[in-house]
Amino acid sequence: MSSKMYNQMWHQAQEALNSLLDKESQKIIEPQRNPVFIFQTLATFYIKYVQIFRNLENVYDQIVHPQKRILIRKILDGVMGRILELKNEMVELELTEFHYFDDILQDLKLVPQQLDIPIPKYFLKEKLEIIKGREKMLSEILANTELKLSGQTRPVKGISLEEAVKLIQIAERARQGRLRAMFMKQIFLQEYRARHAKALGNRIADVGAAALRIQKVWRGFHQCRKTERQKEEEMIFLGMNPPPMFNEVSATITQAEKVTGLRNEVQIKHEEDYREALVTVKDDLKLIEGPDIKENLQDQIRHWFIECRNLTGTFPNYPDVEEGGSAIVFSNKTPQQVIDDIMAKQEDEEKNKKKKKEKKAKKEKKKKQTKEKNKEEDEGWKMSPSVFLHTMEEGNNIYKDIWKNKDESGNFPQDYDREMIKEEKRKELESEIRVQVDELMRQELKNLKLAVNREKELPAKTRKKKGGKNEQKGKKGKKEKRGKDKDLTADRSIESLYKELVEEGLLVQSLKVNLSDYIGEYSYLGTTLRQVAIEPMPSLLDVRQLIALYGILPLGSAAVHEKAPLVRSLLLAGPSGVGKKMLVHAICTETGANLFNLSAANIAGKYPGKSGLQMMLHVVLKVARQLQPSVVWIGDTEKTFYRKVPSAERMMEPKRLKKQLPKILKLLTPNDRILIVGTTHRPFDAELRSFCRVYQKIILVPRPDYASRYVLWKHIIQRSGGVITNALNVSCLAKVTDGFTQGHIVDVVKCVLTDRRIRQQTQKPLVALEFVTALSSMNPVYQEEEESFKNWYAQTPMGKKRNLALTEVNAEKERDKGEKKEKKGEKEKKKK
């Protein structure tokens, strides 16, 4: 697409954002009491913000104008943060992590796929070189450690002579058996052919009957093929089957990919030109306009001195450097406005003295009124204030002022605007020159005071600090605390610590897995089931969306992580094989994060003792902070919180991190883009209270439903080299594999689709029975296990709140029914 098209997309997104900001400012003021209406309002805002986010992300990735990109990035981060805030509001309102928008999507005429959260491409683009350098260093360290391990001689286990002879005998007898079977097969076939030829020789050949039979078979075969072709065309016409060239990449798509690549190259070139222009324009302004700016500032400040002297009788006190110097006095004001401000301040001081007495009497009356009002306001719900609304409004206003009606007919290559750079750099230059002018004018003011008033400047009074000694004690206490948190590795570089963690196996290489590889289908009946008071199991795409919201978006953007609702830790609980580890690796891949493995099995025997554990955690946190974003993964995290450690695992000391994890979470600030992710397939073995203290968000990962299994079977078979034909009933496979996880499906496909079987597909297409045979040896996730996960989640803080809210709603419904029945009974009595 052209630059004009992307500019149109940007203008449309900005118009949608502008209307949404206006609506949101109205809704924040209005208190609401109906929870259904509140959720629908929040959900509508959430869906609309997601649509704007999708458009802006696409525009930011492809637009080449460097100054437009800066503004779009600011608005994009604001929209991302607002989406996270709205999600948090919905969680607090509905007391569940999963939400369903079927009815709202229908009203807005959107499909569920448009609700998918896109991963901004700039997460990886902007630090591609850093990630490549880090991966190179990691692979070199791993290669060196493997060489060291391979250099060590491993003891070879010997076997006795009798065992060796027995093995040779088994192999030889098997070889002879295969040869004998082959010979016997050849003899049998020869005898069969001889018997068949003898039987045919006795019959009299009838040419007419033979021709009739051949015609019959050929016409039947021809008609079958014709019927099949017509049926296929009909299915394609109805949209139930894809067209024949559907899976092949079209020429337009390849051309579009080439264009996007070229646009990225132009983008980089324009960015470099823009950076160079920032330096050159400022230098030019310094040479041409610098002296004039200096003279104007001096004249302005001198005029202020004289006017203050005429009005108040004394020269003003010059603001200190810490306060901001003369910039505070003349911030976007003329000298006349400054004089008016001085006069207004004097009048206000006199008025305030009179009003203080009147206010005291009014305060007592207001307190009573406010108490009554607060009771009424508590009943209504108001949307909590947003941190990101101001950012979006600011960006939207800049867009309106500069870009909305800007004529860019002369800027076909979409290069930087030199005049805009001049305006920005002029302000910077003025602030730099102002610092120099302030030093000169302070001295000039001293000389004026001495010459005109013959008065010496009195030393400034030291302001008494609030708190006095107590505050100083507090500061000392803080210093002592900081002193305790000493850097245990101050004499070592980050590279050496990084290398140590890699060699110890605590910093591991993440698998290259995208979040889009976690395949599933949407839950289309979520809202309907909740209306009938049935809690639906979340779909795989609901889980994927939560990972994007809680894991990827905050880790990818520093601006979003600082201000958005902070998620320090995340727990993925579900049966084995549902893709929990894959999601952890997907977070690292999408954000370019480091992966630290602090699983109980991985840290066993490493850094022994309390001091060793302290050193390990210190090194991990130090490297994670320096090379953020980082993900700290604790696999089989239930072992860290065991109720009772099994005797077989006591030597491993699985509960080493139990007391340390809450301390680590307290140390993490909004500036630290570090996420602790735990995975577990047996959460019921852990102490629930300590478990829930550590993990802020708990996501239940379910086994796939029918729709997800159908999509999974098709995708995994095709990815493994299989061809889906009419002979393969995928719907049947999806129905039969109820209870089996994604891991089971992957293992089955790998087992069936060997290299030999893939080559045979042209003569022998795939059939569902082949996969069912391989499935028969695997154990599915039974209904009882799924129920145990549900019961466990119901005991978590969020689950308890949700159940309590549902019971209250059901009780209210029963009361309403009872009241309606009583009213009906009274009406019937009156009629009688």
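Strand 2 (residues 569–573) and strand 6 run parallel, joined by 4 bridges. Two strands count as paired if DSSP finds at least two bridges between them. This is a predicted model, so local features need pLDDT of at least 70, side-chain atom pairs count only at pLDDT 80 or more, and totals for chains, interfaces and linings use all residues. Residues are numbered from 1 along each chain as its sequence is written, and side-chain values use heavy atoms, with hydrogens and water left out.

**Strands**
- Helices (H or I, at least four residues) and strands (E, at least two) are DSSP runs, numbered from the N terminus.
- A573 has L700 of strand 6 as its bridge partner.
- From strand 6 (residues 697–700), K697 and I699 point one way, I698 and L700 the other, and all are buried.
- Buried means under 20% relative accessible area, exposed over 50%, partly exposed in between (1.4 Å probe, protein chains only).
- In a regular strand, side chains alternate between the two faces of the sheet.

**Nonpolar cores**
- A nonpolar core is a set of buried Ala, Val, Leu, Ile, Met, Phe, Trp, Tyr and Cys residues joined through side-chain atoms within 4.5 Å.
- The largest has 101 residues, and V79 and W713 are among those with the most contacts inside it.
- Helix 2 (residues 35–62) gives the most to this core: 14 residues.
- Another core, of 44 residues, lies apart from it and includes Y607 and F641.

**Helix 3**
- Just after helix 3, L95 takes a positive phi of about 60 degrees.
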